[in-house]
Amino acid sequence: MQDLAIVTGGGTGLGRAIALELSGRGHPLLLVGRRRQPLEETARMAGGSCEVVSGDVGTEAGRAAVAAAVGQRRVAMLVHNAAVLEPVGPLAGVTLEAWRTAMQVNLEAPLFLTQALLPRLAGGRVLHISSGAARNALAGWGAYCVSKAGLLMLYQMFNAELTDVAVGSVRPGVVDTPMQGLIRAQDESRFPSVERFRRLKQDGQLRSPAEVASFIGWLLFETTPEDFAAHEWDIGNPDHTAAWLQSRRAKSS
Ligand SMILES: NC(=O)c1ccc[n+]([C@@H]2O[C@H](COP(=O)([O-])OP(=O)(O)OC[C@H]3O[C@@H](n4cnc5c(N)ncnc54)[C@H](OP(=O)(O)O)[C@@H]3O)[C@@H](O)[C@H]2O)c1
């Protein structure tokens, strides 16, 4: 019985690309998301061993469904990729309900899903998909920025407290996914920087999900646990990508 790799938000965007990267490396997968259809589409694309669980990772019931699907198997990799951008708009008008939903998905889910799976994760790796928003306040993205800042500290806390699980964090850059479509569709009155993101798309500056997934695959499979956890990895930092690019070149030659 081979160890599992779990990818939350595996039905679309970066999560789908990560799933394909991991299955390409021969790893059995368990994909999680609220909508079953995109998960099943990813599973078809991945071929091989790929299970899907449709559930909301922001709820106890959703996380319990993931834990039940894992059963007694070992989890080699857990990628906390699922996240929501909304609510978008000034914090002055944010509702408690919308704020809590964002925190439940973007912050509570990585904490409590890791916690639920700890007995299965010994010797494994957990990866948080971070963002520049963890460190940079962008007007209109209050809930997203605060949740990603919390996720960055959660990665550091787990590393301070866990001894037999390596926890990593990665900044994927600006990636061509449905979330970027949602960003570009925002009204400038609620998200003043929207034009910058529209221009990035027009100018072909977005990274492809497959490119980012290749970097993430390298991080998960080809770094030591110590290097994996040592600092937040950033695909935009040439010092962080040199070894990955070298490994890619070696494979293609
Ligand atoms: N795209 C970028 O430029 C960019 C930049 C920095 C960081 N990121 C991060 O990259 C990750 C992937 O985002 P993406 O750009 O690929 O966006 P995306 O396509 O919108 O992906 C988000 C995924 O999360 C799932 N999801 C959302 N809420 C969920 C919930 N409550 N329970 C389970 N699954 C849920 C969604 O599926 P369902 O709707 O079916 O649940 C979807 O598959 C996120 O953590 C995001 O913050 C993205």
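1. A definition to start with: two strands count as paired if DSSP finds at least two bridges between them. Helices (H or I, at least four residues) and strands (E, at least two) are DSSP runs, numbered from the N terminus. By that rule, strand 4 and strand 5 (residues 125-129) pair in the parallel sense over four bridges, and methionine 77 has arginine 125 in strand 5 as its bridge partner.

2. Please keep in mind that this is a predicted model, in which local features need pLDDT of at least 70 and side-chain atom pairs count only at pLDDT 80 or more, while totals for chains, interfaces and linings use all residues. Residues are numbered from 1 along each chain as its sequence is written.

3. Strand 4 also pairs with strand 1 (residues 4-8), again in the parallel sense and over four bridges; here isoleucine 6 stands opposite leucine 78. Six of the six residues of strand 4 (residues 75-80) are buried, so the strand is largely enclosed by the rest of the structure. Buried means 20 or more other C-beta atoms within 10 Å of the residue's own, exposed 12 or fewer, and partly exposed in between, with C-beta atoms placed from the backbone.

4. Follow the chain through strand 4, helix 4 (residues 96-117) and strand 5, and you have a right-handed β-α-β unit. Right-handed means that, with the strands pointing away from the viewer, the path from the first strand over the helix to the second runs clockwise.

5. Within helix 4 sits alanine 102, which is buried because 22 other C-beta atoms lie within 10 Å. Beyond its neighbours within four places in sequence, alanine 102 contacts Val84, Glu86, Pro87, Ala143, Tyr144 and Ser147 (contact: C-beta atoms, placed from the backbone, within 7 Å).

6. The largest nonpolar core has 69 residues, and Ile6, Ile18, Leu29, Leu31, Val75 and Ile216 touch the most other members. Helix 5 (residues 142-161) gives the most to this core, with seven residues. Such a core is a set of buried Ala, Val, Leu, Ile, Met, Phe, Trp, Tyr and Cys residues joined through C-beta atoms within 7 Å.

7. Now the ligand: 30 residues surround it, the closest being Gly9, Gly13, Arg34, Ala83 and Met179 (a residue is near if its C-beta atom, placed from the backbone, lies within 6 Å). Helix 1 (13-24), strand 2 (29-33) and helix 6 (178-184) each supply at least two residues of this shell.

Conventions
Contact = placed C-beta atoms within 7 Å.
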